[in-house]
Amino acid sequence: MEDLLIQVLEEAFGYPVSLQGSYTPEDEYPDHFFTFWNDSSDGTSFYSNKEGAIVWVYSLNFYSNDPIKVNTKLLEAKSVLKANGFIVTGAGYPVLSDEPTHTGRGITITYRQEL
């Protein structure tokens, strides 16, 4: 599922998409980038003792050295992800940044994968 998430975001925005926490202290942050974390991937829709779907839940964060983009790009991503089958609700929440030059905002996204 991560491949789909990365592909959709990279194609739509051209910004790097990485696993949350994958930048080391020695890495220089890109000006603008997305990170994600898989919060859960629970099975559902059990019929005849068979799993019928997996519900993937991710935290998606956008970081930027431009505080305006932190809000606007995350909301643009919300529309793009919805158009690609993701369930995205709400307006997001602030997330901490390890770099004083960057601010971040996150949102929770869900994808139901039928098996």
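Modeller: Ground rule before we start: contact means heavy atoms within 4.5 Å. This is a predicted model, where local features need pLDDT of at least 70, side-chain atom pairs count only at pLDDT 80 or more, and totals for chains, interfaces and linings use all residues. Residues are numbered from 1 along each chain as its sequence is written, and side-chain values use heavy atoms, with hydrogens and water left out.

Colleague: Fine. Which residues does S45 touch, leaving out those up to four places away in sequence?

Modeller: K50, E51, G52, A53 and R112.

Colleague: What does the side chain of S45 do with R112?

Modeller: The two side chains make a polar contact at 2.6 Å. That term means a pair of N or O atoms within 3.5 Å; within protein, one must be able to donate a hydrogen and the other to accept it, and residues adjacent in sequence count only if both atoms are side-chain atoms.

Colleague: Is S45 buried or exposed?

Modeller: Buried, because its relative accessibility is 17%. Buried is under 20% relative accessible area, exposed over 50%, partly exposed in between, with a 1.4 Å probe and protein chains only.

Colleague: And where does S45 sit?

Modeller: In strand β2, residues 32–47. Strands (E, at least two residues) and helices (H or I, at least four) are DSSP runs, numbered from the N terminus.

Colleague: Zooming out, what is the order of elements from the N terminus?

Modeller: α-β-β-β-α-β-β-β. That is two helices and six strands.

Colleague: How much of the protein is buried?

Modeller: 37% of the 115 residues.
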